[in-house]
Amino acid sequence: MALTLHEAFVPNAIQILGGMRGIIDKAQSHCRDNGIADSELIEAKLHDDMWSLPWHVRACWTHSGFAINLYQEGYFSPDLTDIPGDWDAMRAMVDDAVSQLEAVTPEFLEEISDKTIGFELGGKRLLEMTGQNFLLGFNQHHFFFHATTFYDILRHKGVALGKRDFTGIPRILGA
């Protein structure tokens, strides 16, 4: 049986976003339980030239449901204008990404699989790929990079996290 684009991306992204939501809860509890200002984690970066924590939440939102919704227009352009400023805003953005993904149908992704999708930045079309290649060879990689970096920042700052926190709840047979 062939794997559909929907099966290859949507459930995995939803699973990781579920993990991110739990990580946000743990990070906020870590601050409260240890007398740490929320800003110490929210403004944290792995390196000075990298994004802080909320930017990675926005990037995961951007490279999941938002990106797929733009495919019908024939392009993708990252939207990094609404950066969440606190834990609740991060949760809301993760929840919105999940809602957008839950609305994506397998039929829609199959329809756009061979469609040309352009990557636009600063009003310029920089490259083009098929919908399938854009989803699996561009957005998926960026999504997982930013989800991993989100986890790594918090782990580096001492939040007690493990692999199961990152992966979220797996799709188990019979569950």
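Reader: Great, to start: what percentage of the 175 residues of the chain count as buried?

Author: Of the 175 residues, 45% count as buried. Buried means under 20% relative accessible area, exposed means over 50%, and partly exposed is in between, with a 1.4 Å probe and protein chains only. Before we go on, this is a predicted model: local features need pLDDT of at least 70, side-chain atom pairs count only at pLDDT 80 or more, and totals for chains, interfaces and linings use all residues. Residues are numbered from 1 along each chain as its sequence is written, and side-chain values use heavy atoms, with hydrogens and water left out.

Reader: Thanks! How many helices and strands does the chain have?

Author: The chain has seven helices and three strands. Starting at the N terminus, the order is α-α-α-β-α-α-β-β-α-α. Helices here are DSSP runs of H or I with at least four residues, strands are runs of E with at least two, and both are numbered from the N terminus.

Reader: And what is the radius of gyration?

Author: The radius of gyration is 17 Å, close to the 16 Å that the globule rule gives for 175 residues, so the chain is as compact as a globular protein of that length. That radius is taken over C-alpha atoms, and the rule is 2.2 Å times the number of residues to the power 0.38. Along the principal axes, the C-alpha trace spans about 50 × 45 × 20 Å.

Reader: What share of the contacts with a separation of 6 or more comes from residues 24 or more positions apart?

Author: Such pairs account for 71% of those contacts. Contact means heavy atoms within 4.5 Å.

Reader: Let's do helix packing. At what angle do α1 and α6 cross?

Author: The axes of α1 (residues 5–34) and α6 (residues 131–156) cross at roughly 15 degrees and come within 11 Å. Axes are lines fitted to C-alpha atoms, for helices over the stretch in contact, and angles run from 0 to 180 degrees between N-to-C directions. The two helices are therefore roughly parallel to each other. For these labels, angles under 35 degrees count as roughly parallel, over 145 as roughly antiparallel, 65 to 115 as roughly perpendicular and the rest as oblique.

Reader: Which residues make that contact?

Author: Among them are F9, I16 and M20 of α1, and F143, F150 and Y151 of α6. By class, the contact has 18 nonpolar, three polar and no charged residues. Ala, Val, Leu, Ile, Met, Phe, Trp, Tyr, Cys and Pro count as nonpolar, Asp, Glu, Lys and Arg as charged, and the others, Gly among them, as polar.

Reader: What about T149 in the same way, buried or exposed?

Author: T149 counts as buried, at 5% relative accessibility. This residue also lies in helix α6, and its partners beyond four places in sequence are L46, M50 and H56.

Reader: Back to α1. How is α1 oriented against α3, parallel or antiparallel?

Author: α1 and α3 are roughly antiparallel to each other. They pack at an angle of about 155 degrees, with their axes 11 Å apart. On the α1 side F9, L17 and M20 meet V57, C60, H63, S64 and I68 of α3. Those residues divide into six nonpolar, two polar and no charged.

Reader: And how far apart are the axes of α3 and α4?

Author: The axes of α3 (residues 53–71) and α4 (residues 87–102) come within 8 Å and cross at roughly 20 degrees. That pair is therefore roughly parallel. Their contact includes W61 and F66 of α3 as well as W87 and M90 of α4, and its residues divide into 12 nonpolar, four polar and two charged.

Reader: Switching to the strands: where is F76 found?

Author: F76 is found in strand β1 (residues 75–76), and at 0% relative accessibility F76 counts as buried. F76 and I117 are 41 residues apart in sequence, yet 6.9 Å apart C-alpha to C-alpha.

Reader: Last one: what does L121 contact beyond its neighbours within four places in sequence?

Author: L121 is in contact with P78 and L126. L121 lies in strand β2 (residues 116–121) and counts as partly exposed, at 44% relative accessibility. Its C-alpha is separated by 8.6 Å from that of F76, 45 residues away along the chain.
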